[in-house]
Amino acid sequence: MSEKIFGGDKPANEKKKQNKSSKFSRYSRIPPKRNTAEAQHQRPAKQQRTQRQKQKQHKKVEKKPIRIAFLGGLNEVGKNMTLYEYGESMFLVDCGLAFPDAELPGVDLVLPDFSYVEKNIDKIKGVVVTHGHEDHIGGLAYLLKSVNIPIYSTKLTIGLIQGKLKEHNLLSSAKLNVVKPGDRIKLGEFEVELIHVNHSIPDAVALAVRCEGGTVVQMGDFKIDTTPIDGEPIDLARFAQIGTEGVMCLMSDSTNAERPGYTESESKVGESFDRLFHSAGNRRIIVATFASNIHRVQQIINSAASLGRKVVLSGRSLENVVAVAKELGYIDVPEGLIVSIDTIKRYPDDKLVIITTGSQGEPMSALSRMAFSDHRKVEIGPMDYIIISATPIPGNEKTVGKVVNELMKLGAEVIYEKMYDVHVSGHACQEELKMIMSLVKPKYFIPVHGEQKHLQKHRILAESMGIDRKNIIVADNGLLVEMSDDSVRVAGSVPAGKVYVDGSGVGDVGSIVLRDRKHLSQDGIIIITACVEADTGYIVSGPEVITRGFVYVKESEELIEQAKRLAYNTLDERLGRNPSDILAAKTRVRDDISRFVFEKTRRSPMIVPVIMEV
Ligand SMILES: [Zn+2]
Ligand SMILES: [Zn+2]
C-alpha cells in the first residue's frame, strides 16, 4: 500500500506542484508533457538536448484514448460502478447494489454484472470507493468473491466495507487500503487523486483521474455545504486548481439536477430538531432517519443531550453504523447518553429519544414494526412525538404514507412534512452543479447517477454553461465511452445486465424464474398428478388436481371435478394410443386444462402436470 500511494500533498504552492509532477513521471511509463516554453529556456543547453532526445524517443508512443465503461448507475439510482481503461491499465470506481422493485418478486438485491471485470482481471488494478452508501459499496462483497482486487477508500468508508466483508467471511483475504483526501493512488497507468466533498455521509470524496490521455473528474455523490457538521466544507479550491490544469471530462451527480437553487446545509436540520424537540413537551421523541446519515444522528444526539434525554438506537443497521462511526471518531457521543433498548421502561417519556431506521417505510424496518404494533420493545401511543427525518425516495411514497397513517391511528403526532425542515438532501441542486462545472471547466461532460430525466436535465444545464452538445454524452449502463483530445463518442458496449440475489443464490434467478414468479403471483398454480403403468399406459391412480392461489377449492368443487375428468380423458386417450410418449401426453394435458380453465374463469394459472410411471 505505502509504495502505491503518495502522501496528502496540497499542491497549493509552486514548489510542491513541481515536486508532484516529478513524482508522477517517476511512476508513469511516459513523462508528463512539458508545455511551458519558459521552462525549457531556463534549462542548460545539454539538458535541453537530452530533453529533446527523450521527446523524440517518446514520439513513437502515441496518446491513447481514455475509455470509460458504465457497469451501473445510469438510468437508475443504484448499483453505481464505473470502469476506467487506458492502454493496458484498468480500475473501477465504486461497486454498489440496487434494491428490487415490484417487478422483481422475491429478489433481495440487484448487483451489477461482473463478467466484463472478470474477463479483464489481469488489467484491473483495484477499485476506488467514493463513499459508504449501499449504492456504492453494497456489491463489493460479491465482487471480491470472484476477483480479489485491492480496495481504496477513506477511513469511514473502509470501516463500513469491513462490516460488509465480515458478514461474507471475506475480511481476512480482502486487500483494504485507507486513503485520505489529497492522496494520490497509483493504479497502473492511472493516478487517482481524492478530493473532499460534502454528502449525507461523512468521508465522501470526488476523484481526479489522471493518465497520459488526460484528466477526468468524477464527482461521486456530493453537495456544497459551507456549514457542514464535521466542519470541513467541500474542497472547492482544489477543483478550481484542477480546472486550471485542464480537465478533459467531468462526470457529475445528477440526482437533484431537476431542482433549482442550492441544497440547504445539514446544520439547518439541527436547528429544526432543537425547535421540534422543545415542542414535543413531555412526550417521548422518536426520530426516523437513514442509518448511514451519521451527521444527522449526531444532531439528534446533540439535541437530545441538551434536553437531558437519553438516546436509544433501534434497528440493526443503525447500531452497526453508529458503532463503526464511534470507533473511528466520526461521531461524538457523551458518556452514558446512549442506553440499551431493553432499558427503555426505566425512563419516563420526557427523558427519551429513540432513533430508528425505516424512514422509507421499509416493511421489515423498526419504524414499520412500531407502526403495525409488531415491535417487541416499543409500543406507540398518544405520548409519542415522531419525526420522519427523510423524504421518500421516488417510489416509496405509498409505503411511507401507510406507516404515517398507522402511527397516527395509534394516537402519535407525526412530523414528516417538508415545512418543518427535518431533512435536507445530500445531493447538489442546479446552482451547485453549475458551480462545479464552472470551476472544473471540462471539455467533455457525462451526467451520471440518475434516471433518464435527471441525466437529460443535467445535460441541459451543461449546455446552458456553454458546453457543446457534441461534447456531452448521455450514456447508459453497458456503454463504453471513448475520449481523446479530438472527440468523445460511444465506442461500443460491454455486458452490464442485472444480477439478482435471492437468499444465498447469486445469479441463479433469471428472467424465466421471474416470469414464473409473476405468473404465480397473478393467477396461481394448478398441479395435476397421475400414476400410469409404464408398458400399457394404464392410469393406476389419479389424476388428482391440486391448486394454490387459483380458486378456493371448497367453493369450486364442480370446476375441479370437471378438470379431473378432462385430464383423465386426455391421458387415457393419448397413452392408449402411445403408452411410451409421456411427454406428449403431459403437453396435451397442460394445453387442454389451460384452455378449459380459461374458458370457465378467464384466468391463466400456471399448469404443471406430474405423471409418474410405475
Ligand atoms: Zn451517496
Ligand atoms: Zn449514490
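## Contacts first

Two residues count as in contact if their C-beta atoms, placed from the backbone, lie within 7 Å. With that in hand, here's a tour of this predicted model.

Mean pLDDT for the protein comes out at 88, with 90% of the residues at 70 or more.

## The overall layout

The protein has 614 residues, 43% of them buried, and carries 18 helices and 27 strands. Its C-alpha atoms fill a box of roughly 105 × 70 × 50 Å along the principal axes.

There are three domains: domain 1 is built from 66-262 + 425-502, domain 2 covers 267-416, and domain 3 runs over 524-613. The centres of domain 1 and domain 3 sit 54 Å apart, going by C-alpha atoms. Of the contacts with a separation of 6 or more, 71% join residues 24 or more positions apart.

## A look at helix H7

Helix H7 takes in residues 155-167. At 1.5 Å a residue, its 13 residues should span 18 Å, and the end C-alpha atoms are 19 Å apart, so the two agree.

Which residues of H7 are buried? They are Leu156, Thr157, Ile158, Gly159, Leu160, Ile161, Lys164 and Leu165. The cover over these buried residues includes helices H5 (134-137), H6 (140-146) and H11 (316-327), plus strands S7 (151-153) and S8 (176-178).

Notes: Residues numbered from 1 in each chain as written. Chains lettered and ligands numbered in written order. Predicted model: local features only at pLDDT ≥ 70, side-chain atom pairs only at ≥ 80, totals over all residues. pLDDT = per-residue confidence, 0-100. Domains from an automatic or database assignment. Helix = DSSP H or I, 4+ residues; strand = E, 2+ residues; numbered from the N terminus. Buried ≥ 20, exposed ≤ 12 C-beta atoms within 10 Å, placed from the backbone. Expected span 1.5 Å × (residues − 1).
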